[in-house]
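Welcome! Have the sequence and the 3D view ready as you read.

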Amino acid sequence: MELDKFLELEQAANKGRRERLRMGTALLFLVGIILFIAMRGGEINYSLMVAAMIGGYMALNIGANDVANNIGPAVGSRALTLTGAIFIAAIFEAAGAIIAGGDVVSTIKSGIINPEVIADIDVFIWLMTAALLAGALWLNIATAAGAPVSTTHSIVGGVLGAGVAAGGPGIANWGEVGQIVASWVISPALGGVIAAGFLYLIKRTITYKPDMLQAARKIVPLLLALMAWAFSTYLVMKGLKQIWKVGFGTAALIGTGFAVVTYAITRSSVATVSVRLENKKQGVNTLFTLPMIFSAAMLSFAHGANDVANAIGPLAAINEAIEHGAVVAKAAIPLWVLLVGAIGISLGLALYGPKLVKTVGSGITELDQMRGFCIAMAAAITVILASQLGLPVSSTHVAVGAIFGVGFLREYIKANYGRMIETIEEHHEGRDRKVVEAYLEKFHAADFEEKGAMLARLKASKQAVEESHLTKKERKGLKNIYRQELVKRSALMRIVAAWLITVPVSALMAAILFYTIRGMMLP
């Protein structure tokens with residue numbers, strides 16, 4: 001007993017040391033930002049110093065929360081270890097931010113307010129500082145609660161709340177707010193439907209076939225070619241848009257080129273690898289391992305290029321206002337501002353990302369490589385589709401919605417399969433158990449079409465049965481076996497609740513912070 005208590009105390013002490021190390025590293029990063037601003041030369045501007053520190057804090061929280069959506073499925077499916085996924089994501093997040101973050105950033109995310117209403121430079125600086133801090137605080141709270149939320153919505157809520165506090169309700173673009181509200185439904189619904197559609201396609205064309213590997217040799221290269229098209233198109237349209245703006249047609253054409261090359265390469269490699277695999281689902285899963293690693297890297301690169309603006313947009317606006325005395329809708333991004341965002345996101349992921357990675361990877365539903373592949377495909381294709389249709393989407397909501405879509409499809413398929421078994425049992429009532437088991441074994445081995453034909457023949461028969469080999473209690477137990485919940489409802493409710501309150505809570509916090517900052521700064 002004493003040894004157990006000693007071990008518990010030692011584990012608690014180790015946990016405390018790790019937490020202090022994480023906290024110390026994060027504080028060292030923020031202190032480094034302050035020292036850099038102080039040593040740049042010239043007169044020290046304390047407003048910029050505070051804003052830069054808050055921008056770094058925001059970047060840390062983006063890394064801790066938002067990046068989990070890109071690598072969570074790869075970790076949950078065991079295509080990557082947690083350490084390997086964080087290492088890959090940190091590199092590609094930073095590369096995306098630095099290489100493709102652009103030279104100019106929108107200072108008012110999503111055009112949520114009209115900056116021209118704010119004529120006073122000081123008021124504008126207070127507004128953006130309050131918005132940045134509110135967004136960062138909400139992300140910190142959501143990460144601690146284990147809820148993946150949209151960083152874009154967090155900063156949009158902050159800008160909206162501080163903007164209304166500074167300029168009144170007329171400053172806000174309420175049409176844009178309405179579109180953001182619509183994205184709460186559109187994003188997860190689109191992601192869920194597309195991911196479930198891909199998983200169903202894989203099941204119908206590969207895993208429901210008697211010879212899975214033979215089917216995989218035909219279908220997997222096509223799926224990988226489609227993945228190459230989707231990710232290259234997605235990367236050109238979204239990941240590189242700050243430095244190379246092209247239309248959908250050009251991006252799709254580039255994607256087609258990558259798809260053709262991918263198909264030519266993977267057709268022979270899949271055939272070669274599949275020879276050494278077992279004709280089981282796990283063997284097929286192995287073929288999707290490398291594509292999952294690729295998707296984690298590409299999604300991280302695109303995320304770094306796009307979402308670094310959530311941390312540095314307000315900071316760039318404050319820097320522009322201080323240096324040039326102007327309130328602008330778009331601001332130049334100095335290299336040091338870009339580095340604050342890039343390093344902060346990567347550091348936040350390494351220090352605090354594992355909690356959300358585990359939530360996304362295994363805290364909602366069980367994932368394997370095939371399911372992870374479907375989620376990654378949904379993330380890329382949904383953004384492409386939404387961009388063409390002009391629909392507002394959140395990459396976080398898309399990815400998490402895709403995970404829920406995969407989980408609920410698994411529940412439906414399992415329950416439907418249970419009903420098929422019930423039908424077989426009912427039509428064999430009174431028969432010798434060996435006959436029933438032989439029929440069930442044949443049913444399990446049949447492909448999708450043959451299963452349907454077997455059930456149709458059973459339903460068409462009018463065989464009268466006097467006795468039942470299953471009691472009513474046994475039949476009820478059989479039904480319950482196939483009605484298992486494969487999606488954690490507690491996670492669903494927690495995440496949806498966090499999504500719904502992200503904009504209003506960050507807006508309220510920003511308004512309070514704006515009034516506090518203004519009260520402190522006014523003489």
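A salt bridge here is a side-chain nitrogen of Lys or Arg within 4 Å of a carboxyl oxygen of Asp or Glu. With that in hand, please keep in mind that this is a predicted model.

**Salt bridges**

- D368 and K281 form a salt bridge, with their closest N and O atoms 3.8 Å apart. This pair ties together distant parts of the chain, 87 residues apart: D368 sits in the loop between α12 and α13 (369-389), while K281 belongs to helix α10 (residues 281-286).
- D368 has a relative accessibility of 7%, so it counts as buried, whereas K281, at 31%, counts as partly exposed.
- Within helix α1 (residues 2-38), R22 and E19 lie 3 residues apart, about one turn of the helix. They form a salt bridge whose closest N and O atoms are 2.5 Å apart.
- R22 is partly exposed at 24% relative accessibility, and E19 is partly exposed at 33%.
- K280 pairs with E278 in another salt bridge, with 3.7 Å between the closest N and O atoms. E278 is exposed, at 53% relative accessibility.

**How the helices pack**

- Helix α2 (residues 46-65) packs against α12 at an angle of about 40°, and their axes are 5 Å apart. That angle makes α2 oblique to α12, and their crossing is right-handed.
- Helix α11 also packs with α12, at an angle of about 150° and with the axes 9 Å apart. α11 is therefore roughly antiparallel to α12, and passes α12 in a right-handed crossing.
- The axes of helix α5 (residues 121-144) and helix α11 (residues 289-324) come within 10 Å and cross at roughly 165°. This pair is therefore roughly antiparallel, and α5 passes α11 in a left-handed crossing.

**A nonpolar patch on the surface**

- Which residues form the nonpolar patch on the surface? They are I98, I99, I243, W244, L335, L339 and I343, with about 660 Å² of accessible area together.
- The elements giving two or more residues to the patch are α4 (82-100) and α12 (335-362). The largest share, 3 residues, comes from α12.
- I98 lies in helix α4 and is partly exposed, with a relative accessible area of 40%.

Methods. Residues are numbered from 1 along each chain as its sequence is written. This is a predicted model: local features need pLDDT of at least 70, side-chain atom pairs count only at pLDDT 80 or more; totals for chains, interfaces and linings use all residues. Side-chain values use heavy atoms; hydrogens and water are left out. Patches are made of residues with over 30% relative accessible area and no salt bridge: like charges are joined within 9 Å, nonpolar side chains (Val, Leu, Ile, Met, Phe, Trp, Tyr) within 5 Å. Accessible areas come from the Shrake-Rupley method with a 1.4 Å probe; for residues, only the protein chains shown count as cover. Helices (H or I, at least four residues) and strands (E, at least two) are DSSP runs, numbered from the N terminus. Buried means under 20% relative accessible area, exposed over 50%, partly exposed in between (1.4 Å probe, protein chains only). Axes are lines fitted to C-alpha atoms, for helices over the stretch in contact, and angles run from 0 to 180 degrees between N-to-C directions. Angles under 35 degrees count as roughly parallel, over 145 as roughly antiparallel, 65 to 115 as roughly perpendicular and the rest as oblique. A crossing is left-handed if the near helix is turned anticlockwise from the far one by less than a right angle, and right-handed if clockwise.
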